[in-house]
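This briefing is meant for a reader who is meeting the structure for the first time.

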Amino acid sequence: MRSRTNRVRSAWAGSGLSWARAPNLQPVAVRGLGGTAGAALLPALLLAQAGPAIADRYEAADASPAFRHAAAQHPHDLAEVHHPDLNDTAFLDRLDPALARPFLDGFGHALDQVMLTAGGIVALAFLILLGLKQVSLRTEPPTEPPASRAGRDLGEAVR
């Protein structure tokens with residue numbers, strides 16, 4: 001048995017939007033933009049903050065006797081941590097812990113900054129949410145069958 005909605009041709013087919021929500025695109029667009037911005041900007045912020053934070057931690061660690069001793073024992077590892085590939089951090093597993101600690105501290109500091117930024121964005125969004133007016137759902141049953149209502153809604157969306 002086929003559903004009636006499978007026979008309705010939608011102007012919004014393939015766009016990722018439900019045709020039933022097509023006349024009111026604002027909630028879909030805002031949610032999509034927020035998710036896209038969060039998925040793109042926060043990792044970019046992390047990578048932008050991580051490089052300088054890691055470099056600062058290695059400069060500070062260079063004064064430590066434990067770090068200098070580990071660097072003297074593993075000079076080839078020291079070259080790898082000064083030019084790290086942030087897309088593949090598997091090299092940290094084979095490093096001496098004294099050489100890996102500044103990298104981990106710097107990356108953790110950058111991640112803290114990103115989480116604080118994301119928390120601020122969430123707090124701002126919550127305050128905006130408090131100011132939005134409440135839209136109540138329909139309380140009475142629909143007056144026409146869903147199939148005819150869907151056809152009428154589609155006709156209005158296409159115009």
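F103 counts as buried in this predicted model, because its relative accessibility is 2% and the cut-off for buried is under 20%. The residue has its place in helix α4, which spans residues 97-131, and several of the points below return to that helix.

**Around F103**

- Leaving out residues up to four places away in sequence, F103 touches I54, Y58, P84, L86, T89, F91 and L92.

**Helices α2 and α4**

- Helix α2 covers residues 65-73, and its axis comes within 8 Å of the axis of α4, the two crossing at roughly 120 degrees.
- Angles of 65 to 115 degrees count as roughly perpendicular and those over 145 as roughly antiparallel, and α2 and α4 are therefore described as oblique to each other.
- Where the two helices meet, α2 contributes A66, F67, A70 and A71, while α4 contributes A98, L99 and P102.
- A71, which lies in helix α2, is buried, with a relative accessible area of 12%.
- When neighbours within four places in sequence are set aside, A71 is in contact with L78 and L99.
- A71 and L99 are 28 residues apart along the chain, yet their C-alpha atoms are separated by 7.0 Å.

- Side chains of opposite charge can pair when their charged atoms come close.
- In this model the count comes to one salt bridge, and R101 forms a salt bridge with D105, with the closest N and O atoms 3.4 Å apart.
- R101 and D105 are separated by about one helical turn, because they are four residues apart in helix α4.
- R101 is partly exposed, with a relative accessible area of 47%, and D105 also counts as partly exposed, at 33% relative accessibility.

**A nonpolar patch on the surface**

- L124, F126, L127, I128, L129, L130 and L132 form a nonpolar patch on the surface, and together these residues have about 770 Å² of accessible area.
- F126, one of the residues of the patch, lies in helix α4.
- With a relative accessible area of 47%, F126 is partly exposed, since that class falls between the limit of 20% for buried and the limit of 50% for exposed.

**The chain as a whole**

- The chain has five helices and zero strands, so that, read along the sequence, its pattern is α-α-α-α-α.
- Of the 159 residues in the chain, buried residues make up 17%, and both F103 and A71 are classed as buried.
- Among the contacts in the chain with a separation of 6 or more, residues 24 or more positions apart account for 59%.
- The chain exposes about 11700 Å², and carbon and sulfur atoms supply 60% of that area.

Key. Residues are numbered from 1 along each chain as its sequence is written. This is a predicted model: local features need pLDDT of at least 70, side-chain atom pairs count only at pLDDT 80 or more; totals for chains, interfaces and linings use all residues. Side-chain values use heavy atoms; hydrogens and water are left out. Patches are made of residues with over 30% relative accessible area and no salt bridge: like charges are joined within 9 Å, nonpolar side chains (Val, Leu, Ile, Met, Phe, Trp, Tyr) within 5 Å. Accessible areas come from the Shrake-Rupley method with a 1.4 Å probe; for residues, only the protein chains shown count as cover. A salt bridge is a side-chain nitrogen of Lys or Arg within 4 Å of a carboxyl oxygen of Asp or Glu. Buried means under 20% relative accessible area, exposed over 50%, partly exposed in between (1.4 Å probe, protein chains only). Axes are lines fitted to C-alpha atoms, for helices over the stretch in contact, and angles run from 0 to 180 degrees between N-to-C directions. Angles under 35 degrees count as roughly parallel, over 145 as roughly antiparallel, 65 to 115 as roughly perpendicular and the rest as oblique. Contact means heavy atoms within 4.5 Å.
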